[in-house]
Amino acid sequence: MAEPAEERTMALRLGVILPRVFVVVIVALLATATITFAAETRGGPVVQPAQTAARQILLVPDVRGQAYVFAKSTLEEAGFAWRLSGGAQGYAANLVSSQSPAPGSRVYDTGAPTILLSLSANSSYPQAGTPENASSFAGTPLRLVGVVSKAKVKAKVKAKAKAKVKTKVKTKAKKTAAPRHKPVVKKRVAPKPKPKPKPAVKQPARPPAFVVPGAKAEPMDEAPLTTRAKNLDTWLSTHRKPTNENVRYWLYQHAWIVTGAHLGWWHGTQALETLIAVDRKVERYWGIGKRSERVARAALAEVRKKSR
């Protein structure tokens, strides 16, 4: 009879202990899940995306009416690429008749924004050699400044309205504030500055032979016309065959020297005299150049007349 009584006692104890153990296990599991969830949801500091630097803005230069050889250098110096969209082929002496976008347009610096040009043929020069109808480097898309989406415009309007409300509230608060008495400070009379001597006017390194109103100034980062003509003479002595590349190079330099002399650039007369001698050699070596020599002689007569 003693064994059944002990079994009943053990059963009662288990009935009391098991629910408590179950509760302890559940609480431990809940605590572990809470700690894990907190560890997972605790993130590091929010990294704000770096603000992009303000894009540089370029101003489209005016190359209309310029010789193609000068228009190319002007656009390249200003940070632009170019491409012909119509008209004559890209020979050095041809003139720019139109451009797109218009001069003075403001565009974003996308690398080398592409300007579209249209040329008109210059009857004073032969259309010989291989034309250059685009820049030697790849251009990038052109994006005009001022094209803003409607969403950005609305955001700007709301921001301005909020700013106006804040400024009104601040001005009202300033008006209601009690006036403060400022101490009177005596102003010291400063002695009159002595007039500085005027600096001496520096003469340009290459004074022009004459001034043409509105003409392109001689670029100081380019070789003078006299040096360019002498270099052309030296180059011709080692290029005796009239290949397309050689003819194009000669016409390019010829147009540069003649146009620069017409604009009154430094020592244009001496450069034209050297150029005429080069044209004579071209006639002997290549069998061409008589027409270009006549152009150089006419330019020399005009430059001598304007230089007096």
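Biologist: In this predicted model, what makes S135 count as buried or exposed?

Modeller: The relative accessible area of S135 is 12%, and since buried means under 20%, S135 is buried. S135 lies in the loop between β5 (114-120) and α3 (150-176), where S135 touches A81 and W82, leaving aside residues up to four places away in sequence.

Biologist: What does the side chain of S135 reach, and at what distance?

Modeller: The side chain of S135 reaches the backbone oxygen of F137 at 2.9 Å, and a polar contact requires N or O atoms within 3.5 Å.

Biologist: Which class does N122 fall into, buried or exposed, and how do you know?

Modeller: N122, which lies in the loop between β5 and α3, has 17% relative accessibility and therefore counts as buried, the limit being under 20%. The side chain of N122 reaches the backbone oxygen of A93 at 3.0 Å, and the residues that N122 touches, not counting those up to four places away in sequence, are A93, N94 and Q127.

Biologist: Why is helix α2 described as largely enclosed by the rest of the structure?

Modeller: Helix α2 (residues 68-77) has 10 residues, and because eight of them are buried, the helix is largely enclosed by the rest of the structure. The buried residues are Y68, V69, F70, A71, K72, S73, T74 and L75, and what covers them includes β2 (81-87), β3 (95-100), β5 and α5. After α2 comes G79, whose phi is positive, near 95°.

Biologist: How many aromatic pairs are there, and what is the pair of W235 and Y249 called?

Modeller: A search of the whole structure finds seven aromatic pairs. In the pair of W235 and Y249 the ring centres are 4.6 Å apart and the planes are at 45°; planes under 30 degrees apart would be stacked and those over 60 edge-to-face, so an angle between these limits is tilted. This pair links distant parts of the chain, with W235 in helix α4 (residues 225-236) and Y249 in helix α5 (residues 244-262), 14 residues apart. W235 counts as buried at 15% relative accessibility, while Y249 is partly exposed, with a relative accessible area of 34%.

Biologist: What makes the pair of W250 and W286 stacked or edge-to-face?

Modeller: The ring centres of W250 and W286 lie 6.0 Å apart and their planes stand at 90°, so the pair is edge-to-face, the cut-off being over 60 degrees. The pair links distant parts of the chain, W250 in helix α5 and W286 in helix α6 (residues 268-286), 36 residues apart. Both W250 and W286 are buried, and together with W235 and Y249 they form one aromatic cluster.

Biologist: How do you know that R228 sits over the ring of W256?

Modeller: The charged end of R228 is 4.3 Å from the centre of the W256 ring, and the distance limit is within 6 Å. R240 likewise lies over the face of Y285, at 4.1 Å from the ring centre.

Biologist: Which residues of the largest nonpolar core touch the most other members, and which element gives the most to this core?

Modeller: This core has 33 residues, of which V69, W250, V258, L272, L275 and W286 touch the most other members. The elements that give two or more residues to this core are α2, α4, α5, α6 and α7 (290-306), and α5 gives the most, with eight residues. Apart from this core lies another, of 15 residues, among them V60, A71, L75 and L84.

Technical notes: Residues numbered from 1 in each chain as written. Predicted model: local features only at pLDDT ≥ 70, side-chain atom pairs only at ≥ 80, totals over all residues. Heavy atoms only, no water. Phe/Tyr/Trp six-rings, centres within 6.5 Å; stacked < 30°, edge-to-face > 60°. Helix = DSSP H or I, 4+ residues; strand = E, 2+ residues; numbered from the N terminus. Buried < 20%, exposed > 50% of the residue type's maximum accessible area, 1.4 Å probe, protein only. Lys NZ or Arg CZ within 6 Å of the ring centre and 35° of its normal. Polar contact = N/O pair within 3.5 Å; in protein donor to acceptor, adjacent residues only side chain to side chain. Contact = heavy atoms within 4.5 Å. Core = buried A, V, L, I, M, F, W, Y, C linked by side-chain atoms within 4.5 Å.
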